[in-house]
Amino acid sequence: MFRLASEPARPCTKTTSGRGRRSKGRSSLAASFSPSGKGRSRRSPPGGSGGTPHSTLRKVCRSAPNQGGRSWNGGMVSSGMSHFPFVVSVLEDAPTSVYARGRKPDRSESPIPAGQRFMADAVVTRFAPSPTGFLHIGGARTALFNWLYARHAGGKMLLRIEDTDRERSTDAAIAAILDGLSWLGLEWDGEVIYQFTRADRHREVAESLLAAGHAYRCYATPAELDAMREAARAEGRPPRYDGRWRDRSPSEAPAGVKPVIRLKAPREGETVLDDKVQGQVRWPNKDLDDLVLLRSDGTPTYMLAVVVDDHDMGVTDIIRGDDHLTNAARQLHIYQALGWEAPAMAHIPLIHGPDGAKLSKRHGALGVDAYRAMGYMPQALRNYLVRLGWSHGDREFFSTQEMIEHFDLARVGRSPARFDFAKLESMNGHYIRASRDPDLVAALEATLPYLAGAERLPRGFDPPLRDKLLAAMPGLKERAKTLVELLDGAAFLFATRPLELDARAQGLLDAGGRAHLEGLLPRFAALSAWTATGTEATVRDYVGETKVKLGEVAQPLRAALTGRATSPGIFDVLEVLGRDESLARMQDQVSGPTASGERPSPSA
RNA sequence: GCGCCCAUCGUCUAGCGGUCUAGGACGUCGCCCUUUCACGGCGAAAACAGGGGUUCGAGUCCCCUUGGGCGCGCCA
């Protein structure tokens, strides 16, 4: 009756070890059922011929066979608890437990030939944001992990927009999420699924649960619920629904109250989740209440919707923020009632702000579009994000291919990470320096519409400017950590005469620099070929003859040519700017200001 | 309040009982390179939260404390 047609479930024999918890023993879990690719229980066992003797499989079923787990032993073998199809088992010291599929190796015991199961069992992950705001950095990382995991396994990542909250969901948010994912290069497979469109299906499932006796109508009013929670809190009990309508006859229903449908959740025993990141987590069922499946207006709640959708979409692995960890327990109850096998789950730690608290508006939480505007490149952001919580030895940099190749959930840590702009910036700088010049020009151009500080170039780059950009890029890119800085550093290329000088440049010129400009002007003008080596030779000659330091000449030159005190190597600047423009900019500083008034004598 | 999760340099992390007088990266500081600023090179300071166990041996296993975080809706 509860059997899933396609999945003749076979209860896992979960032996117990009283202490069970992995404590860093994630590794031990991983040892036998590596949650990542190959070692996963759902695949053929590593090195396993498939003909593994049954007895071995039973052991494999236990989670921590090595270290610390000495108390694991043959323990108990499950009995006929198969009325929970996907579930399981009997623990020596605890009643019925509910299992998510996670590391549970029961399928190795499935009657379905291993090979066949393997083939039909491609990984399907999903990213399921709710469109109530932009795609923030935490969501972006969740999406990245889902994407990486799916790609690594040769599976798919689906995208589902959880828009059942009609009040708060907006089209703008949906657009921002789609745009953010695309910019990050995280393509999803198939069509975007809008949860709200599936409300009928959700309702139908709720009704079926009702019909099967796994759910009931609850007529408690919001006021009643509030009172209930308050009382519980006052008594030091968890604020939970008390189940007052759980066994009441519908005939007692008060008139005029539209009921909600609640799940009849198990009250005894405990619910166990073998999370791929968190390890084994257990909750006493008495602490979990009868959640609402269908609201009084007939719309599904998130809890119901996720379960139904994940099931219908064929999701095999749920990777989401660990703020959903408690939800997992409740969702497991729904799977149980439905007789569906729960997907494997991985709850990844959240990203925190500098103060260690969950990233939120008060940290100035930003959408990924903001990172684009700040000039970070998607590949750099991806690399930074993947290293937040995941590691592969000492390695810091990964190409997309390498990320896909190496990514696995077993190496995802369980402690939250703080977002650090300095490191992101440094990584972005690495990516800029490592990029090919034409790619950088293209990236700059493509990002221009979003870039902060790009107002000066409303029409983008014209061909001559593009050429100059390309020519100057080697000197420009090693001075920029973001595209914004890159553009800013390139500003002298598209600045128009007479240049605006910043204070430091002005100072350089006022401090006697103009004299050197004047001295250089005729020598430059006499140059037959305008190249960096040519101008350098000229300047060095001048310096030699006048016995001044190179810096005393180079700096004023820089000020005149770029309007700033810093720039790429000055001879490269000279070359990129070209003879006419260079001489004109120098001339501007020698004679320009005087035209309009008395230049204060620098030496007086 | 209750439940769950977490805990190595300021930050991200390596470490999966002995090779740890704890490694890498960012940041910080110093030196070198140098026409500026960068880049690059070299070097330095900087951490196993505390307490109990287990063990011949613990950053690594267990427990407690402390400190953080998340959750507790007819929100998702």
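Let's start with helix α18 (residues 503-525) and helix α20 (residues 550-562), which pack at an angle of about 95° with their axes 7 Å apart. The model you are looking at is predicted. Angles from 65 to 115 degrees count as roughly perpendicular, and α18 and α20 are therefore roughly perpendicular to each other. To find where they touch, look in α18 for Ala505, Leu508, Leu509, Gly513, His516, Leu517, Leu520 and Phe524. These meet Glu552, Val553, Gln555, Pro556, Leu557, Ala559 and Ala560 in α20. Sorted by class, this contact has 11 nonpolar, 3 polar and 1 charged residues.

Now move to another pair of helices. Helix α6 (residues 199-211) packs with α8 at an angle of about 105°, and their axes are 10 Å apart. That angle makes α6 roughly perpendicular to α8. On the α6 side you will find Arg201, His202, Val205 and Ala206, which meet Leu304, Ala305, Val308, Asp309, His311 and Asp312 in α8. The classes here are 5 nonpolar, 2 polar and 3 charged residues.

Helix α8 also leads us to the pocket. The largest pocket has a volume of about 1200 Å³. Its lining has 39 residues, and those closest to the centre are Ser130, His136, Asp323, His324 and Lys358. Two or more lining residues come from each of β2 (124-127), α4 (137-153), α8 (302-312) and β10 (317-321). Which element gives the most to this lining? That is α4, with 5 residues. By class, the lining of the largest pocket divides into 17 nonpolar, 12 polar and 10 charged residues.

How values were computed
Residues numbered from 1 in each chain as written. Chains lettered and ligands numbered in written order. Predicted model: local features only at pLDDT ≥ 70, side-chain atom pairs only at ≥ 80, totals over all residues. Heavy atoms only, no water. 1 Å grid on protein atoms, 1.4 Å probe; cavity = no way out; pocket = protein on both sides within 12 Å on 5 of 7 lines; lining within 4 Å. Points joined across faces, edges and corners; volume = space filled by probe spheres on them. Helix = DSSP H or I, 4+ residues; strand = E, 2+ residues; numbered from the N terminus. Nonpolar A, V, L, I, M, F, W, Y, C, P; charged D, E, K, R; others polar. Axes fitted to C-alpha atoms, helices over the stretch in contact; angles between N-to-C directions. Parallel < 35°, antiparallel > 145°, perpendicular 65-115°, else oblique. Contact = heavy atoms within 4.5 Å.
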